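Here is a friendly walk through one chain, with the cut-offs stated along the way. Please keep the viewer open as you read.

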Amino acid sequence: MKKTSWISKLTSTIATGTAAFMLFAGFASAHVTVSPSVAQTSAWQTYTIKVPSEKELPTTKITMKVPEGVAFKQYQPLAGWKITTEKNDSNEVTSITWEIDGDNEGIIAGQFQQFNFVVQNPKAEAEVAWDAFQYYSDGSIVEWTGQPSDANPHSITTISEDPAAAGNAAAGGGHANDGHDSAGTEGATGDNAATDDSKANDDTTLGDALNDTVTGEPNNTDTDPGTLKLQQATLIVSILALILSFLGIALATRRKKR
């Protein structure tokens with residue numbers, strides 16, 4: 001009897017710990033994030049904002065502020081979502097909102113949704129913060145505007161001139177435009193051929209970025225080493241708890257037969 005009782009208590013303790021661990025792991029990774037986290041200066045970059053639902057309620061809307069120095073270009077349409085933008089007096093996009101449309105119930109608990117958009121990164125190295133506001137069906141709002149150490153941090157992308165960052169940008173659908181700005185070129189030179197070449201380069205760059213958005217792999221995937229280790233640890237603990245549970249049941253059944 002003592003042996004069976006000891007096994008039962010151990011099993012219960014491990015099961016409780018596993019549940020708490022899995023709950024913590026879920027909350028630790030369930031942030032609104034924007035990827036990639038490193039990108040090339042001046043590049044036309046495809047970004048992905050990943051929105052999970054942390055509550056037992058569907059997310060019905062998400063609004064993201066466009067960081068200062070970032071030039072918003074276009075977004076990818078998505079069935080079931082109405083997409084709108086706000087602009088300032090200079091006709092620059094300052095925020096973009098994705099909101100449920102039609103019969104779409106939103107992002108329910110245990111699910112996430114990804115939204116793709118294209119911007120031109122700043123010309124100088126910087127750290128840009130993506131402030132986001134997540135709306136739930138009950139009217140509550142979670143503001144993802146805090147610092148990395150806060151409970152609700154905003155995502156940060158490091159804009160760098162480093163060649164390694166350029167490789168990251170290309171993998172994520174970003175394309176450098178070699179410093180060409182069609183408006184700037186038109187104002188700086190009277191050479192029509194040079195101007196046309198610059199425009200063509202910019203148009204091709206945007207087209208390539210949008211094509212990568214549609215056909216490329218999602219940018220924000222949970223394949224980083226930290227996440228994989230967390231998933232592996234959770235799986236091991238769960239399996240151990242299951243084995244001990246079966247062992248406890250077997251010992252209890254054997255005890256009853258005696």
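## The chain as a whole

Of the 258 residues in the chain, 35% count as buried, where buried means under 20% relative accessible area, exposed over 50% and partly exposed in between, with a 1.4 Å probe and protein chains only. The model is predicted, so local features need pLDDT of at least 70 and side-chain atom pairs count only at pLDDT 80 or more, while totals for chains, interfaces and linings use all residues. Residues are numbered from 1 along each chain as its sequence is written, and side-chain values use heavy atoms, with hydrogens and water left out.

The chain has 5 helices and 13 strands; helices (H or I, at least four residues) and strands (E, at least two) are DSSP runs numbered from the N terminus. Among contacts between residues at least 6 apart in sequence, 72% join residues at least 24 apart, a contact being heavy atoms within 4.5 Å.

## Strand β12 and its partners

Strand β12 (residues 155–160) runs parallel to strand β2 (residues 38–40), with 3 bridges joining them. With β9, β12 pairs in the antiparallel sense over 5 bridges. Two strands pair if DSSP finds at least two bridges between them.

Thr 158 of β12 is the bridge partner of Val 38, and Thr 158 is also the bridge partner of Glu 127.

## A buried asparagine in a loop

Asn 121 sits in the loop between β8 (112–120) and β9 (126–130), and its relative accessible area is 3%, so Asn 121 is buried. Its side chain reaches the backbone oxygen of Gln 40 at 2.9 Å. A polar contact of 2.8 Å also joins the side chains of Asn 121 and Tyr 47. A polar contact is a pair of N or O atoms within 3.5 Å; within protein, one must be able to donate a hydrogen and the other to accept it, and residues adjacent in sequence count only if both atoms are side-chain atoms.

Not counting residues up to four places away in sequence, Asn 121 touches several others, including Ala 39, Ser 42, Gly 69 and Ile 159.

## The nonpolar core

A nonpolar core is a set of buried Ala, Val, Leu, Ile, Met, Phe, Trp, Tyr and Cys residues joined through side-chain atoms within 4.5 Å. The largest one here has 27 residues, and those with the most contacts inside it include Tyr 47, Met 64, Phe 117 and Trp 130. Among the elements that give two or more residues to this core are β3, β4 (59–65), β7 (93–100) and β8.

Leaving aside neighbours within four places in sequence, Phe 117 is in contact with residues including Thr 46, Tyr 47, Met 64, Trp 98 and Trp 130. Thr 46 belongs to strand β3 (residues 43–52) and, at 2% relative accessibility, counts as buried. The C-alpha atoms of Thr 46 and Val 119 are separated by 6.7 Å, although these residues are 73 residues apart along the chain.

## Aromatic rings

The whole structure holds 7 aromatic pairs; rings of Phe, Tyr and Trp (its six-membered ring) pair if their centres lie within 6.5 Å, and planes under 30 degrees apart count as stacked, over 60 as edge-to-face and the rest as tilted. Trp 81 and Phe 115 form an edge-to-face pair, 5.1 Å centre to centre with 80 degrees between the planes. Because Trp 81 lies in strand β6 and Phe 115 in strand β8, the pair ties together parts that are 34 residues apart in sequence. Both Trp 81 and Phe 115 are buried.
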